Amino acid sequence: MEQMSAASRKPPKVCYRCGLVVTTKTREHVVPRCLYPDEPAANLLTVPACRDCNNAFARDEEYFRLFLTAHWIPSPAARTVWEQKVRPSFERGWDGLRKLAVADMRDFYLPSGTGFVRTGLLKGDAARMDRVAEKIVRALYYHVTDKVMPPEAKMNFHWRPPAWAPDTARRGGLITVDPAIFLCRYIIGSRGSVERSAWWMLFYESLMYVVTAEAPARLTGDERAEGRVVECA
Ligand SMILES: [Zn+2]
């Protein structure tokens, strides 16, 4: 009984991304599940999600995984994921991959270890990478603050970390699930009615993705949920 009354006092669960009240048990992996090997070592971090938001990124996440694991970075976890999941997904074997590799590419530099590696990115697909990064940042933000980042938040994406990033990151909060796959340092601060945050994400111990976000005064999950349609189970 006590448990039930405690539960009933809790505010309703809302989707980490759109703020819709979630009545189902649907949860989204903060770090895409597909980036982990078949048997992940850790309990994976999840946040509540509505069905639409939960299903919205599957294809983009697969591309994100392809892009991260196709680089010969010295990460046993990335190699495992490549061998277990990515390589078998090319039904026509290596020919399919070769065709993909000579498609419309642009030069692209990825931070790796202490330097940069030159690589290619399919033109137009930087947007897909950024969509996944935005999704991860929104989920991290929800995990840290228990609040939904306003949809109108402006984000900037940097593969080449800005000069301030390493120094700032050292002072930030730390989120890590399995450091072989992902860890993140972050800072959140507000001035007046604007809230700024920076998220320094490290994938497979080598690949950095820095995202900054600027949002108007944030709304709580409760406020966002007011007047919204409740999703039915
Ligand atoms: Zn949603």
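**Confidence and packing**

Author: In this predicted model, helix α8 (residues 221-225) has the lowest mean pLDDT among the elements of the protein chain, 45, while strand β2 (residues 46-48) has the highest, 95. Over the protein chain the mean pLDDT is 78, and 70% of the residues reach 70 or more.

Reader: Over which residues does pLDDT stay under 50?

Author: Where pLDDT is low, the predicted coordinates should not be read in detail. Here the stretch is residues 219-233, for which the model has 32 contacts beyond four places in sequence.

Reader: How are two packed helices described?

Author: One gives the angle between their axes and the distance between the axes. For helix α3 (residues 58-69) and α6, the axes come within 9 Å and cross at roughly 105°. Angles of 65 to 115 degrees count as roughly perpendicular, and α3 and α6 are therefore roughly perpendicular to each other. On α3 the contact is made by Asp60, Glu61, Tyr63, Phe64 and Phe67, and on α6 by Arg128, Met129, Arg131 and Val132. By class, this contact has five nonpolar, four charged and no polar residues.

Reader: Where is Asp146 found, and why does Asp146 count as partly exposed?

Author: Asp146 is in the loop between α6 (126-145) and β5 (154-158). Asp146 counts as partly exposed because 13 C-beta neighbours lie inside 10 Å, whereas a buried residue needs 20 or more and an exposed one has 12 or fewer. Asp146 and Lys13, 133 residues apart in sequence, have their C-alpha atoms 9.7 Å apart in space.

Key: Residues numbered from 1 in each chain as written. Predicted model: local features only at pLDDT ≥ 70, side-chain atom pairs only at ≥ 80, totals over all residues. Helix = DSSP H or I, 4+ residues; strand = E, 2+ residues; numbered from the N terminus. pLDDT = per-residue confidence, 0-100. Contact = placed C-beta atoms within 7 Å. Axes fitted to C-alpha atoms, helices over the stretch in contact; angles between N-to-C directions. Parallel < 35°, antiparallel > 145°, perpendicular 65-115°, else oblique. Nonpolar A, V, L, I, M, F, W, Y, C, P; charged D, E, K, R; others polar.
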